[in-house]
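Visitor: I would like to learn how to read a sheet and a cavity in a model. Please take me through one case of each.

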Amino acid sequence: MGIFSVSMLNETIRSLLVNDPRLREVWVRGEISNLKKHSSGHYYFTLKDRGSQISCVSFRQTNRSLKFDPEDSMSVILYASVDVYTVRGQYQLKVLDMRPDGIGEMFRAFEQLKKKLEAEGLFEQSRKRPIPRFPSRIGISTSPTGAAIHDVINVLSRRYPVHVLLAPCLVQGDAAAQSIADSIGLLNKADVDVIIVGRGGGSLEDLWPFNEEVVARAIFNSRIPVISAVGHETDYTIADFTADLRAPTPSAAAELVVPDRVELKRFMDSMLQRLEYAATRKIADLNSRLDHLYDSLEPDKLREMIDLRYQRIDELVASMEKDVNYGLGSREMLLRALAGRMNAVNPLNTLERGYCIAMSDGAVVRSVDDVQVGSRLDLRVTDGTIICDVTEKVEIENGTQEEEDG
């Protein structure tokens, strides 16, 4: 037998472990401790129970597909392979998948995802769309063999028959979440007015696919309004929070999505009766008005109406004449008063008292300085104009006269 180096021995041990089919794929249950989340995206932790522990590594590509966020003291079930970290000569579990173990851990994973999606706005009421009141085609995403599809079809056929398009999918198991998301995507390419997504009742594990992120995002990205109908009335899933409307059961979803034809017929009958009553009243009112108009337009009635109009016209004309005459008289008196005031300042009236107006070159002479000896003057009197020449000017100054000869 040869001598092994440390590296050769570790590699030999690793080869024995990784090639053992019993250790290549194992399920292991335990509790997480000493969890280290490296910046590279890899997780390193210890999985332990009451009597033992083992080192574990979960690489980034595995962690990206996990449906929850691992934490210390969390009980989990690992799907892993046995491996050896030859650098330190320790054997470990290389994680291939990880799931919460037990109801408590599943609720913790549920709350983690709910908090994350809520922070992203997937549950916002403002983005939820109204459900069509009278849909003609309804898409259903559920199992073709489950009770949910039969319950929905029975309720629809009883209440308000419509066209139903089923996009079959898995509703339980590891592949169910992606199957549900794909089903919603197919219905978005079809001519449907609303989509019902759901299944009948079951355990928390059975309903878990409707708590997965891929389903929530498929509902959020749907261009068609979605009704979530998962389990029983007390069951709440991430799909319920994301959908445009939550129904407590598949049967309740069918009742919510369409009206009851019996109730609808009763409503239509009531509206028809109200319409008939309103039409009858309107016709009766119109007949009454026609009778009144006919009575008003009889020959005697018409002549009386015309005479009354004539009389009213005469009254208006007389009133107008009175107003016009009064207005003209007032304006005549005002005109006379203005004329009297104008005559009082009329320079021609002064001429009638023996005065005249002297003008030289078209301008009124007001001073001896306005003319020169030899200038021509036009003297305006009441009955004409006297033309004369200036031969002499006499100025009056301080009570004495000064003569200026030409």
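This is a predicted model: local features need pLDDT of at least 70, side-chain atom pairs count only at pLDDT 80 or more; totals for chains, interfaces and linings use all residues.

Visitor: In what order do the four strands of the open sheet lie?

Guide: Strands of a sheet pair through backbone hydrogen bonds, either parallel or antiparallel. Strands are DSSP runs of E of at least two residues, helices are runs of H or I of at least four, and both are numbered from the N terminus. Two strands pair if DSSP finds at least two bridges between them. Here the order is β12-β11-β13-β14, with antiparallel pairing. At the edges, β12 (363–364) and β14 (384–389) each pair on one side only. Strands β11 (residues 357–360) and β13 (residues 376–381) are joined by three bridges, and Met-359 stands opposite Asp-378 in β13.

Visitor: Which elements give two or more residues to the lining of the largest cavity?

Guide: Rolling a probe the size of a water molecule over the atoms shows where empty space is left. A cavity is a set of points, on a 1 Å grid over the protein atoms alone, where a 1.4 Å probe fits but cannot get out; lining residues have an atom within 4 Å of a point. The largest cavity is lined by residues including Ile-140, Val-152 and Arg-199. The elements are β6 (137–142), α5 (147–159) and β8 (194–199), with β8 giving the largest share, four residues.

Definitions and conventions. Residues are numbered from 1 along each chain as its sequence is written. Side-chain values use heavy atoms; hydrogens and water are left out. On a 1 Å grid over the protein atoms alone, a cavity is a set of points where a 1.4 Å probe fits but cannot get out, and a pocket is an open set with protein on both sides within 12 Å along at least five of seven lines; lining residues have an atom within 4 Å of a point.
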